[in-house]
Amino acid sequence: MATNTKSPKPLNVLVMAAGLGTRMKSGRAKVLHELGGAPLIAHVVRAAQTLDPRSIIVIVGHQAEEVERAVLDEVGELGSFVMQAKQRGTGDAVESARSVLANSESLVLVLSGDVPMIRAETLRKFIEHHNNARAACSILSVRLENPTGYGRIVRDENGTFRKIVEQRDATDEERQVKEINSGIYCFEAKELYEALLKVEPKNEQGEYYLTDVPEIILAGGEAVSVYLHNDAREVYGVNTRAELAEFENLVRRSAIRKLMLEGGVTFIDPSHSYISFEARIGRDSIIYPNVTIEGKSVIGEGCVIRSGARITNSRLGDEVVVKDYSIIVDSQIESKCAVGPFAHLRMNTTLEEKATVGNFVEVKKSRLKRGTKAMHLTYLGDATIGERTNIGAGTVTCNYDGVNKHETIIEDDVKVGSDTMLVAPVRVGARSMTGAGSVVTKDVPPDSLVAGVPAEVKKKIRG
């Protein structure tokens with residue numbers, strides 16, 4: 001029989017994200033450092049969003065505007081913010097949201113913005129545990145072989161929760177405890193904010209500890225429950241760049257393994273490929289070493305991605321070949337296209353079916369229609385190029401006049417000669433040709449051969 005994981009009260013999620021994170025040795029707030037191509041805070045609020053909360057309230061401080069932007073990009077209007085003006089501990093952070101939550105008659109789930117591996121499934125089970133225990137406070141704990149640096153869960157002789165003690169305030173005996181506080185809590189809002197009024201900074205740092213709240217609630221006669229979770233990796237916080245690199249490696253290996261086992265994707269050398277956990281790759285695609293696929297990229301079936309390629313937030317159809325050291329960013333490649341080697345596609349470029357972009361070709365904000373080819377040493381910017389057109393080596397769309405960008409339109413079945421300069425705005429009519437070295441400054445009629453500097457019509461090709 002299915003269990004009811006929904007809280008009897010509305011759920012508000014409170015995410016602590018005000019600190020700078022001094023151990024990162026960085027000018028950026030810790031929660032803005034990226035894992036798998038997304039800020040740490042984005043991973044946390046993404047998991048929270050799946051719990052169907054009333055709101056996700058983020059406590060901000062350092063670089064508040066940037067943190068807010070990262071949250072809103074991920075969860076939109078579900079996100080809201082409170083400011084912690086001075087970072088005086090975790091208790092002070094939660095106190096910052098008093099005006100929003102103290103009278104909310106809700107369940108408050110407290111998360112940390114630097115714990116990116118926490119899974120929504122784990123949080124659901126935790127909330128279910130809290131509701132079943134009918135507790136005023138629940139703490140998610142794990143056991144570590146080396147718990148150094150973490151607050152310990154101290155229990156009495158019956159195994160019942162007694163208190164949380166921080167590492168630096170613990171006795172030698174308490175430091176032997178291997179069960180640690182993850183920093184993830186469920187509170188009944190009213191009990192939480194009543195207990196916070198009694199927290200005092202009686203510790204080495206002179207800070208207001210949220211970890212004092214469960215003991216205060218317990219002393220007030222309310223129930224405090226501990227949920228012992230079996231996967232410590234989920235609750236690890238990122239505190240240093242070395243830890244961030246370890247997490248990155250874990251995320252990468254997990255994404256690749258899933259694609260191989262469940263997606264039918266071949267990796268020639270999995271240890272030397274970087275694949276975003278948000279990327280999707282179709283079966284029978286082959287990924288060569290040193291490939292980077294970032295963001296929410298989608299790769300179709302039967303594709304071949306050669307060594308050194310980087311694909312970011314782009315969509316590839318089926319049977320696309322991306323040759324060595326090509327870059328594709330924010331673009332769409334339809335089925336049976338070929339790109340590269342050493343090609344660069346960016347800013348919403350589109351290649352329609354069977355189009356080809358060859359070596360040292362850059363395409364920016366342009367559309368190449370079905371069967372069109374640009375094989376060598378070419379720049380195509382702000383251009384629309386018709387079907388079955390051939391772009392000769394060294395062609396440049398001169399799209400910038402020093403103030404504005406202008407569009408080049410090349411119609412179907414055109415042959416553009418090598419080293420042609422197309423000075424936009426300009427249109428080349430269907431079935432026309434340009435001679436090698438031409439500088440095209442005015443529209444070319446259909447079925448015409450133009451050549452020269454500036455290019456002039458030399459003859460009609462047909463009709």
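Author: Start with pLDDT: that is the predictor's confidence in each residue, from 0 to 100. You need it here, as this is a predicted model.

Reader: OK. Where does pLDDT stay under 50?
Author: Over residues 1–7. The model has 11 contacts beyond four places in sequence for that stretch. The protein chain averages a pLDDT of 94, and 98% of the residues score at least 70.

Reader: On to helix α7. Which of its residues are buried?
Author: V213, P214, I216 and I217, in a helix that spans residues 212–219. They cover an arc of only 160° around the axis, so they sit on the same side of α7.

Reader: And what do the buried residues of α7 pack against?
Author: Strands β7, β9, β10 and β11, plus helix α6. After α7 comes G221, with a positive phi near 95°.

Reader: You mentioned β9. Is β9 largely enclosed or open?
Author: Largely enclosed by the rest of the structure, because four of its five residues are buried. β9 pairs with β8 in the antiparallel sense, over four bridges. I153 stands opposite I164 in that pairing.

Reader: How many residues lie between the strands of that hairpin?
Author: Five. G159 in this hairpin takes a positive phi near 85°.

Reader: Switching to the cores. Which residues touch the most other members in the largest nonpolar one?
Author: I281, I305, I333, L345 and L351, out of 45 residues. Elements giving two or more residues to this core include α8, β29 and β36. β27 gives the largest share, three residues.

Reader: What does L351 touch?
Author: Beyond four places in sequence, its contacts include I333, C337, V339, L345, V357 and L368. Apart from this core lies another, of 38 residues, among them V13, L32, V45 and L140.

Reader: Salt bridges now. How many?
Author: The structure holds 23. One of them joins the side chains of R367 and E352, at 2.8 Å from N to O. R367 lies in strand β28 and E352 in the loop between β26 and β27, so the pair ties together parts 15 residues apart in sequence.

Reader: Is E352 buried or exposed?
Author: Buried, with a relative accessible area of 16%. R367 counts as partly exposed, at 32%.

Reader: What about E411?
Author: E411 forms a salt bridge with R427, with the closest N and O atoms 2.8 Å apart. E411 is in the loop between β33 and β34, and R427 is in strand β36, so this pair links parts 16 residues apart in sequence.

Key:
Residues numbered from 1 in each chain as written. Predicted model: local features only at pLDDT ≥ 70, side-chain atom pairs only at ≥ 80, totals over all residues. Heavy atoms only, no water. Buried < 20%, exposed > 50% of the residue type's maximum accessible area, 1.4 Å probe, protein only. Arc of directions from axis to C-beta. Contact = heavy atoms within 4.5 Å. Pairing = 2+ DSSP bridges. Core = buried A, V, L, I, M, F, W, Y, C linked by side-chain atoms within 4.5 Å. Salt bridge = Lys/Arg side-chain N within 4 Å of Asp/Glu carboxyl O.
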